[in-house]
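Let us walk through this structure step by step, beginning with the terms that are needed to read it.

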Amino acid sequence: MSFFLKSMVSSQVKNLGLGGEEKSEDAAPADPAAAAGMTREEYEEYQKQLVEEKMQRDADFLHKKAERATLRTCLREKYRLPKSEQDENMIQMAGDDVDVPEELLKMVDEDATEEEEKDSIFGQMQNLQNMDMDQIKEKAQATLTEMKTKAEEKCSVM
């Protein structure tokens, strides 16, 4: 009976992890290559590939950030906004060979041509064609009559 009681209690204590016997070392091998199911050389080559891929991703990310900073710098120059020291530092970190992506340049150029068209005389004439002349005349008449009434109120001669 004492054997039966001792085996029940010791199995319960083992399940709780509170002591009893030593843990087996088979559960977690010391060599990570063995844990991954590879030989030591394969594991080292795999680790080198991971490091190289991470470095390449980081370099690509830095280059993309520098391209965006270059675009922001171009836009700041175009609209005469103050320069950003952070963007300039980003461009310097990536090197001076950073260009703005072609898609972004196309978008900026399209916006610039649209703005130029709107600012030109022909653009203003097209805006006039799109406006309703009767509405313009009504607004002008209303403004003129409003000015006359205000002038009559203020001036006793009129």
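A residue is called buried when its relative accessible area is under 20%, exposed when that area is over 50%, and partly exposed in between, using a 1.4 Å probe and counting protein chains only. The model is predicted, and for this reason local features need pLDDT of at least 70 and side-chain atom pairs count only at pLDDT 80 or more, while totals for chains, interfaces and linings use all residues. Residues are numbered from 1 along each chain as its sequence is written, and side-chain values use heavy atoms, with hydrogens and water left out.

The chain holds seven helices and zero strands, where helices (H or I, at least four residues) and strands (E, at least two) are DSSP runs numbered from the N terminus. Of its 158 residues, 11% count as buried.

One of the helices, α3, spans residues 40-78, and T70 is found in it. T70 counts as buried because its relative accessibility is 13%. If neighbours within four places in sequence are set aside, T70 is in contact with I91, V98 and V100, contact meaning heavy atoms within 4.5 Å.

A search of the whole structure finds five salt bridges, a salt bridge being a side-chain nitrogen of Lys or Arg within 4 Å of a carboxyl oxygen of Asp or Glu. One of them joins the side chains of R40 and E44, at 3.8 Å from N to O, and both residues lie in helix α3, four residues apart, which is about one turn of the helix. R40 is partly exposed, with a relative accessible area of 42%, and E44, at 40%, also counts as partly exposed. Another salt bridge links K54 with D58, whose closest N and O atoms are 3.1 Å apart; K54 and D58 likewise lie in helix α3, four residues apart. K54 is partly exposed at 44% relative accessible area, and D58 is partly exposed at 41%.

Which residue forms a salt bridge with D87? The partner is R76, and the closest N and O atoms are 2.5 Å apart. D87 lies in helix α4 (residues 85-94) and R76 in helix α3, so this pair ties together parts that are 11 residues apart in sequence. D87 is buried, with a relative accessible area of 4%, whereas R76, at 23% relative accessibility, counts as partly exposed. Salt bridges that share partners join R72, R76 and D87 into one network.
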